[in-house]
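Work through the exercises below with the model open. Each task is followed by a solution in steps.

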Amino acid sequence: MKTHLFSLVFLFFSLAQGLNPICDTQDHGSNLKVFHIYSPCSPFKPSKPLSWEEDVLQMLAKDQARLQYFSSMVAKRSVVPIASGRQIVQSPTYIVKAKIGTPPQTMLMAVDTSNDAAWIPCTGCLGCSSSVFDNAISTTFKTLGCQAAQCKQVSSPTCGGSACIFNMTYGGSTIAANLSQDTITLATDPVPSYTFGCLQKTTGNSVPQQGLLGLGRGPLSLLSQTQHLYKSTFSYCLPSFRSLSFSGSLRLGPVGQPLRIKYTPLLKNPRRPSLYFVNLIGIRVGRRIVDIPPNALAFNPTTGSGTIIDSGTVFTRLVEPAYVAVRNEFRRRVKVANVTSLGGFDTCYTVPIMAPTITFMFAGMNVTLPQDNLLIHSTAGSITCLAMASAPVNVNSVLNVIANMQQQNHRVLFDVPNSRLGVAREHCT
């Protein structure tokens, strides 16, 4: 087994302005670049630069929609539907260059730890972007029929001629796709007969323009379809927003993963089977463990509540009782009376502050976050906010989401065969 190391370019906010990384560098060996959606290398970045406040408010709105989707993910059956819908796929956090078909065609696909299956816009798709996969010229492309085992794993399949067809909602959009197979190549690693949805029609604007590649836990995810190659193991290291090079890595496969790393068990929640649940047992602000009602953190497979690690949410969301306890202790330790708000952030300051550390206490390990993982600053430095917020209230379940800003400069290892998640401090640039 070789090391599958993927370089990642992470460019965020207006800090990215003026930086001009080499976007056309070819992939070599097993190295595949991963771009942030706002990178200058991304064709999906806003055509008009947003102000810092607009950036923050837009990302908060997308995070809010994502959390609402997570709350709606309580499954009615154990089979995971292909390309599970959610609210914020219009702007996925990361995109990766993948080559589809024979001869290969390059697509910039969204990657996400909380999604399973792949789907790609195909030739003739109504409502799709101009960048589509021309499946007609691929000699390895195949449409799957209703008799295929994979057809039982998609949402509400129907038969149209010889094709297994599924229709579904996706955020504010609807999609229709044929279940298909073709070769997908990541850097120089070809994966033949990869199952995905070949989009035929979309409505609305919530669909990633060049497709989606899921790193979730379901049977049609990348991990499940490449078990022979990557052994259902991967890790990533996301760089700080303050990093000059904005580079990090996504590493697929067990080889090359860190040896000195602390682990917590990965939990399986049948109500939300695609997500990576962990057991968050407490939160410490500075040296004080804050008083949080046990049911605010409890893992409950019956209701689908608990805590997940997610790469697509930007700012950590805690259920209201947990967030209020953390926020109040944070404010008490900062000792600045003048507290303002910005959108969903309710703990912002217009003067310099000294922030305490915040420690997430998981079963088997603690992860202590310094200021860079806790505070978001305006470009001019005039506003500083605690980069966490309260999760949407849902009467059926509660879900805490440890998001990507709080994961920066940490190596996060998903070891699915051994049901464990590892975290180690690492400078990601």
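**Exercise 1.** In this predicted model, find the bridge partner of leucine 342 in E21.

Solution. Step 1: go to strand E21, which spans residues 345–349. Step 2: the residue there that bridges to leucine 342 is phenylalanine 345. Step 3: look at the two strands as a pair; E20 and E21 run antiparallel and are joined by 2 bridges.

**Exercise 2.** Give the strand order of the open sheet that holds E20 and E21, and explain why one side of each edge strand has no neighbour in the sheet.

Solution. Step 1: the order is E20-E21-E25-E24, with antiparallel pairing. Step 2: the edges are E20 (340–342) and E24 (375–377); each has a single partner strand, so one side of each lacks a neighbour in the sheet. Step 3: from one strand to the next, the twist averages 40 degrees.

**Exercise 3.** Describe the open sheet that contains E16 and E22.

Solution. Step 1: its 4 strands follow the order E17-E16-E22-E23 and pair antiparallel. Step 2: E17 (288–289) and E23 (365–369) are the edge strands, each pairing on one side only. Step 3: E16 (residues 280–285) and E22 (residues 358–362) share 5 bridges. Step 4: within E22, methionine 361 stands opposite glycine 282.

**Exercise 4.** Which strands does helix H5 lie across, and at what angles does H5 run to E16 and to E21?

Solution. Step 1: H5 (residues 320–334) lies across E16, E17 and E22, at about 15 degrees to E16. Step 2: H5 also lies across E21, E24 and E25 (384–386), at about 10 degrees to E21.

Methods: Residues numbered from 1 in each chain as written. Predicted model: local features only at pLDDT ≥ 70, side-chain atom pairs only at ≥ 80, totals over all residues. Heavy atoms only, no water. Pairing = 2+ DSSP bridges. Contact = heavy atoms within 4.5 Å. Axes fitted to C-alpha atoms, helices over the stretch in contact; angles between N-to-C directions.
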